[in-house]
Amino acid sequence: MGKVYLVGAGPGDPELLTLKAVRVISEADVILYDRLIGEEVLNFAKPDCKLIYVGKEDGKHTIPQEEINKLLVYYASTHRNIVRLKGGDPFVFGRGGEEALYLKEHGIPYEVVPGVSSAYSVPAYAGIPLTFRGIASSFAVITGHECTGKEKRVNWRAFGSIDTLVILMGVKNRQRIAKELIEAGRVPDEPVAFIERGTTNEQRTVISTLREVASNPPEVKPPAIMVVGEVVRLQSDISQLLENVKNYEGAYHA
Ligand code: SAH
């Protein structure tokens, strides 16, 4: 019987893959991968590795979760090393937990290979530290996906007093989220950053405020991360510092 590895591929920059992820990818006989993984990551696979795309298109699952679960069990019966490759970390809004439970229930050996989550690495690449002494001593990572029907909705009131909020999957509902946060008691002038396609060559940062996002939201394309909090003000300082460091390095090596 085979073993399934639930692997985090990091946020996009292939250099943010872990050594363990590279090893299990290079040993895989079958890889079932999602949309948000950087394509370069698949270059580590063996030439004869079976690559199966199971990602979402425009919010719709190409293959329902139940089918993915069954595919994992099926391939575990036909192959030795199966990699389920997900963007960021498999246990941060990646449904990795559900897959792990399913595998356990079906007696399939599995291992989790944590990945660098977009939740903190994308803000970092944009020059935003999630915590900062004297400015932010707590952060929360929240889904901005409006869960309907049976699924539980996010209780935005619970986030009134957490210093930094990181919202994933929130682009579509950004206006609604900003309104909810102001109602929850957050200061309307609080800065907000959206970072599109973080850690890739197409990374783009848009800075705004809660008030503006609530009334006239800026143009933002998914995938993007929304960061709310005073730490966003550090963005320009830190980006400038990083630019300066590059210049010093250039001067030093010249
Ligand atoms: N497991 C993933 C998150 C999956 S949810 C992780 O740990 O990173 C998918 C959401 O993550 C996207 O809607 C977006 O909000 C965010 N995301 C993932 N990669 C991103 C990237 N490179 N740039 C911006 N946002 C990203």
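## Ground rules

Because the model is predicted, local features need pLDDT of at least 70 and side-chain atom pairs count only at pLDDT 80 or more, while totals for chains, interfaces and linings use all residues. Residues are numbered from 1 along each chain as its sequence is written, and side-chain values use heavy atoms, with hydrogens and water left out.

## Two domains

Let's start with the overall layout. The protein chain is assigned domain 1 (3-116) and domain 2 (119-239), with bounds that come from an automatic or database domain assignment. Their C-alpha centres are 27 Å apart. Domain 1 brings 9 residues to the contact between them and domain 2 brings 13 residues, where contact means heavy atoms within 4.5 Å.

## The ligand and its shell

Where does the ligand lie relative to domain 1 and domain 2? Both domains give residues to the shell around the ligand, so the ligand lies between them. The ligand is surrounded by 18 residues, and the closest are V92, S117, S118, G198 and A224; a residue is near the ligand if one of its heavy atoms lies within 4 Å of it. Two elements, α4 (118-125) and β12 (224-228), each supply at least two residues of this shell. Helices (H or I, at least four residues) and strands (E, at least two) are DSSP runs, numbered from the N terminus.

By class, the shell holds 11 nonpolar, 5 polar and 2 charged residues. Here Ala, Val, Leu, Ile, Met, Phe, Trp, Tyr, Cys and Pro count as nonpolar, Asp, Glu, Lys and Arg as charged, and the others, Gly among them, as polar.

The side chain of S117 places an N or O atom 2.8 Å from a ligand oxygen atom. For S118, a polar side-chain atom lies 2.6 Å from an oxygen atom of the ligand. G198 uses its backbone instead, with an N or O atom 2.7 Å from a nitrogen atom of the ligand. On its own the ligand has 550 Å² of accessible area, and the protein covers 90% of this. Accessible areas come from the Shrake-Rupley method with a 1.4 Å probe; for residues, only the protein chains shown count as cover.

## T164 in strand β9

T164 sits in strand β9 (residues 164-168). Is T164 buried or exposed? T164 is buried, because its relative accessible area is 0%; buried means under 20%, exposed over 50%, and partly exposed in between (1.4 Å probe, protein chains only). A polar atom of the T164 side chain lies 2.9 Å from the backbone oxygen of L130. Leaving out residues up to four places away in sequence, T164 touches several others, including L130, F139 and V227.

I68 counts as buried because its relative accessibility is 1%, and N69 counts as buried at 6%. Beyond residues up to four places away in sequence, I68 touches V54, I63, R84 and E99, while N69 touches E99 and Y102. The C-alpha atoms of I68 and R84, 16 residues apart in sequence, are 9.4 Å apart in space.

G107 lies in the loop between α3 (96-105) and β7 (110-113). With 49% relative accessibility, G107 counts as partly exposed. Its C-alpha atom is 9.1 Å from that of V73, 34 residues apart along the chain.

Methods. Polar contact = N/O pair within 3.5 Å; in protein donor to acceptor, adjacent residues only side chain to side chain.
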